[in-house]
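Let's take a walk through a protein model together. Keep the picture open as you read, and look up each residue when its name comes up.

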Amino acid sequence: CVHSQIYFAALSSMETIFSLLAKIIGDVITISILLFMILGFPVGWLISELKNYDRRSRITRGILALTSIILISIAFSVNERLTYSTNYAIVSRYLVEVTITQLEQGNTENVLSSFKKLRNEFQIQGGTPFEEYDKRVRAAVFAMENKSNGS
């Protein structure tokens, strides 16, 4: 149960850091800038094409529109990967800590059965999404802790 507290404390501190960063940057300003980049540049480009602006203006607006969409896509992708990477590290460390504790307490069969069940639940061909990994590891750790506490 101590490990559960450590795990959830790490997750909550990570969420606190992200929420503080969001507050510092400012949600309204961030959303406004994103909406302008997502809608403003492409609409401006479309208008310049329809109204027959000069060639330089159309090319510049087109480059701005495409660049803004690409940059936003990259930013969201990087953010998602960083979040998954951080969560994967936290869950994996939690699994290792509980496993070490269980082995030190002599619960070898308990650990083996939990790991075998975890191994059988993963799909190697299509990959297991992080959300599934997270849930399955938490379930395995919960099972390890409860079996040892119940014995």
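This is a predicted model: local features need pLDDT of at least 70, side-chain atom pairs count only at pLDDT 80 or more; totals for chains, interfaces and linings use all residues.

Residues are numbered from 1 along each chain as its sequence is written, and side-chain values use heavy atoms, with hydrogens and water left out.

Let's begin with the whole chain. Its secondary structure comes to five helices and zero strands; here helices (H or I, at least four residues) and strands (E, at least two) are DSSP runs, numbered from the N terminus. How much of the chain is buried? Of its 151 residues, 26% count as buried. Buried means under 20% relative accessible area, exposed means over 50%, and partly exposed is in between, using a 1.4 Å probe and protein chains only. Contacts are another way to look at the chain, and a contact means heavy atoms within 4.5 Å. Among contacts between residues at least 6 apart in sequence, 69% join residues at least 24 apart.

Now find two of the helices. Helix α3 covers residues 55-104 and helix α4 covers residues 108-121. They pack at an angle of about 150°, with their axes 8 Å apart. The axes are lines fitted to C-alpha atoms, for helices over the stretch in contact, and the angles run from 0 to 180 degrees between N-to-C directions. How are the two helices oriented to each other? The pair α3 and α4 is roughly antiparallel, because angles over 145 degrees count that way, while those under 35 count as roughly parallel, 65 to 115 as roughly perpendicular and the rest as oblique. The crossing of α3 past α4 is left-handed, a label used if the near helix is turned anticlockwise from the far one by less than a right angle, with right-handed used if clockwise.

Which residues meet where these helices pack? From α3 come Leu-95, Thr-99, Gln-102 and Leu-103, and they meet Thr-108, Asn-110, Val-111, Phe-115 and Leu-118 in α4. The residues of this contact divide into five nonpolar, four polar and no charged. In this sorting, Ala, Val, Leu, Ile, Met, Phe, Trp, Tyr, Cys and Pro count as nonpolar, Asp, Glu, Lys and Arg as charged, and the others, Gly among them, as polar.

Next, turn to charged side chains. Side chains of opposite charge can pair when their charged atoms come close. How many salt bridges does a search of the whole structure find? There are two, where a salt bridge is a side-chain nitrogen of Lys or Arg within 4 Å of a carboxyl oxygen of Asp or Glu.

One of them joins Arg-58 to Glu-49, with the closest N and O atoms 3.8 Å apart. Arg-58 lies in helix α3 and is partly exposed, with a relative accessible area of 25%. Not counting residues up to four places away in sequence, Arg-58 touches Trp-45, Ser-48, Glu-49 and Tyr-53. Arg-58 and Ile-47 are eleven residues apart along the chain, and their C-alpha atoms are separated by 9.0 Å.

In the other bridge, Glu-97 pairs with Arg-93, and the closest N and O atoms are 4.0 Å apart. Both residues lie in helix α3, four residues apart, which is about one turn of the helix. Glu-97 is partly exposed at 31%, whereas Arg-93 is exposed at 58%.

In helix α4 you will find Ser-114. Is Ser-114 buried or exposed? It is buried, with a relative accessible area of 4%. Leaving out residues up to four places away in sequence, Ser-114 touches Ala-140, Ala-143 and Met-144.

Asn-52 sits in the loop between α2 (27-50) and α3. Although Asn-52 is not a glycine, it has a positive phi of about 55°, and it counts as exposed at 61% relative accessibility. Finally, look for Phe-122 in the loop between α4 and α5 (130-150). Phe-122 is partly exposed, at 25%, and its C-alpha atom is 8.7 Å from that of Glu-132, ten residues apart in sequence.
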